[in-house]
Amino acid sequence: ARNGDGTVMVSCRELSGHKEAVVSLDCVKDRSSLNGNLLASSSEDKTARLWDVRTERSVRWLSDPSLSSDSMGHVRLHPREPVVILAHGDELLVYDLRQSASILLKAPSHKVSLGGMSETGTRQQVAVSSTDDEDDVPFTVNDFIFNPADLNTVVCPTDCGHVLVVDWKKPEVVTRWTNGHKNICQCVAGRVWSSDGLAGGESDRAIVEILSGGMDSQVCRWDPRSKKFRGKLQMGKLLSEYGGGGMDEALNAGKMVNPPFVMDLEVTEIGDAILFGLGNGAIGMMRYQGDRLEASPCFIGETHTSAVAALAIVPSTERQEAEAEGGSAEILPNPFSLSVFSAGCDQELILWRDEASINAALAAQAEATAEERKDSSSSASSSSAVSSSEVTGQASASADADAQGHPAEAADGETGGKSAPGTKKKSGKQKRAPPRSLRVARKVSLPEKPNCLAVWGNEKLCLGDLSSTIKVLDIRELMMMESDGPRGK
């Protein structure tokens, strides 16, 4: 629907249940997993909730009157097990959903000292605070992820700048990375990469890396297997060398600019690029070539006018029929497209897209259709005959590709769009160059300052803000809007 001021109304549904601001949201990436249809949320009302994303209804409720609203932190769903972990100050509260079928899960009312550990019922309290710091700074957990190299552990960035790897089952702190950040460590992300794009983080064939960002404007790189520090990226230095993000323009105009604190980190699902949202409103992207991080970042223009609160990458997957006997299907990453949502403290939601990759995907799809027509027509005619459907299919592929501004052979890079005789293309497993840049596809004005984002597949975007409701937007609707059209709200 179009308003009188020229803006377009974006359809939005609200999940009601929390009584205060929503602090954190989480969905697992694998929708076929045990928790694949759940959304987890935590709130300053001292509760966490689980929602069925399909029905958009609350299905479980984690409540504990002993919790403090000021200490409510991130909540995470285990990628494989029926486990939810909630950060509360310098504690991790672990809930095993199998222990009770009750909708309301109540933790014991007694308190556990920060210096010790205890296990009571279905709730474990893992103390990750320490008194060995000279200023006795508590290890408040600002964010955490399940360690992709070992899902029995979580990686926690803390207020004192240390990054802790915690075994949440034993429980104990197994690794302390203390030589990276000089200030508050704000966020963390995990990267998994393999040459075939299929190996998981626990496989020896995969390269695994932990990245942490902090209020010292640095991104630190860690190897969770060797437990070694791999280096750091200094955002201020990179911005001064490569520019972008609107920082130079703001300084020239005499405007106040926040330091480039690293507020959030995201890694693409195939591990070929890292994105960071900064305190000055800029969004940057750096690409990997295998295990090597390329030196030159891309800072994207037309960014937020205030700090970036959250980033979320939309999974771009395609279903490919497995070649193994039985014809079972598997989900493979689509290396063509990259779509990213950013939410800023300027109350703006921005959708970023790599249009060159999308056009290449369309060209490749047209070419794959032409190859299928060629194979079917060849089997129906003699080997010496030229099939009219083959010619028609090739012309159709060229026409479809030209309509997108790319020749049909451009999608195949070095192969020139040609296959060896008798070779069938495997479009799902072909490797493409990582996306080089993003552009604004849609801006949406938000009614409240956002706190967090989560995506459920490539269908729904969930947003938590200072209000008590969770906003749910249809990703496909946002993507269908013309990028040069009116703003949404």
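**Exercise 1. Find which residues form a nonpolar patch on the surface, and say whether Ile-103 is buried or exposed.**

Step 1. The patch consists of Trp-61, Ile-103 and Leu-104, with about 270 Å² of accessible area together. Areas come from the Shrake-Rupley method with a 1.4 Å probe, and for residues only the protein chains shown count as cover.

Step 2. Look for Ile-103 in the loop between β8 (91–96) and β9 (104–106). Strands are DSSP runs of E, at least two residues, and helices are runs of H or I, at least four, numbered from the N terminus.

Step 3. Ile-103 counts as exposed because its relative accessibility is 58%. The cut-offs are under 20% for buried and over 50% for exposed, with partly exposed in between (1.4 Å probe, protein chains only).

A word on the model: it is predicted, so local features need pLDDT of at least 70 and side-chain atom pairs pLDDT 80 or more, while totals for chains, interfaces and linings use all residues. Residues are numbered from 1 along each chain as its sequence is written, and side-chain values use heavy atoms, leaving out hydrogens and water.

**Exercise 2. Explain why the buried residues of α1 line one face of the helix.**

Step 1. In α1 (residues 235–242), pick out the buried Met-235, Leu-238 and Leu-239.

Step 2. Down the axis of α1, its buried residues fall within an arc of 100°, so they line one face. The arc is taken from the directions from the helix axis to the C-beta atoms.

Step 3. An α-helix has 3.6 residues a turn, so residues three or four places apart point the same way.

Notes: Patches are made of residues with over 30% relative accessible area and no salt bridge: like charges are joined within 9 Å, nonpolar side chains (Val, Leu, Ile, Met, Phe, Trp, Tyr) within 5 Å. A salt bridge is a side-chain nitrogen of Lys or Arg within 4 Å of a carboxyl oxygen of Asp or Glu.
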